[in-house]
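Colleague: I am new to this structure and would like a close look at one part of it. Please take me through the aromatic pairs.

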Amino acid sequence: AMLYRFFALLLGLFSGAARSTNLSFALITSFGQYGTNSSGVIPAVDMALAEINSHSFVLRGYRLMYDRARDSQCLYAKSLEAFFDEIQNDPVKLAVIGCGCSVATQPVAAIASYWNIPQIS
């Protein structure tokens, strides 16, 4: 519900474009093979996206999406690597969700502001 409200408020200002316009964000989390497992956020994000995208009045003419979940491994360097891979490749990312733990989240939060990309964790 929190993700739904955030995206509805943050991106609700978009209206009137063709339904085919995608709004993309990066999803970075920890898959757990290296300790911390926050991969349970992936189904929650998928459910929020299904709900948001099923209501044309929320993001009229837009579809909210992510390409794939990236593994931060709950490591400083891996989270930055995932972030830079995401922002260097299309589609353009409007936000970051993640990175699964404080050690991985803090460096991405610090650097994402240089690209004016908000982060939710």
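Modeller: The model is a predicted one.

A search of the whole structure gives 4 aromatic pairs, and Phe-25 with Tyr-66 is one of them. Their ring centres are 5.5 Å apart and their planes stand at 45 degrees, so this pair is tilted.

Another pair is made by Phe-83 and Trp-115. Here the centre-to-centre distance is 5.8 Å and the planes are 70 degrees apart, an edge-to-face arrangement. Phe-83 is in helix 3 (residues 76–88), and Trp-115 is in the loop between helix 4 (102–112) and strand 5 (119–120), so the pair ties together parts 32 residues apart in sequence.

The two partners of this pair can also be placed by accessibility. Phe-83 has a relative accessible area of 0% and is buried. Trp-115, at 41%, is partly exposed, because that value falls between the 20% and 50% limits.

Phe-83 and Trp-115 also belong to one aromatic cluster, together with Phe-84.

Note on methods: Residues are numbered from 1 along each chain as its sequence is written. This is a predicted model: local features need pLDDT of at least 70, side-chain atom pairs count only at pLDDT 80 or more; totals for chains, interfaces and linings use all residues. Side-chain values use heavy atoms; hydrogens and water are left out. Rings of Phe, Tyr and Trp (its six-membered ring) pair if their centres lie within 6.5 Å; planes under 30 degrees apart count as stacked, over 60 as edge-to-face and the rest as tilted. Helices (H or I, at least four residues) and strands (E, at least two) are DSSP runs, numbered from the N terminus. Buried means under 20% relative accessible area, exposed over 50%, partly exposed in between (1.4 Å probe, protein chains only).
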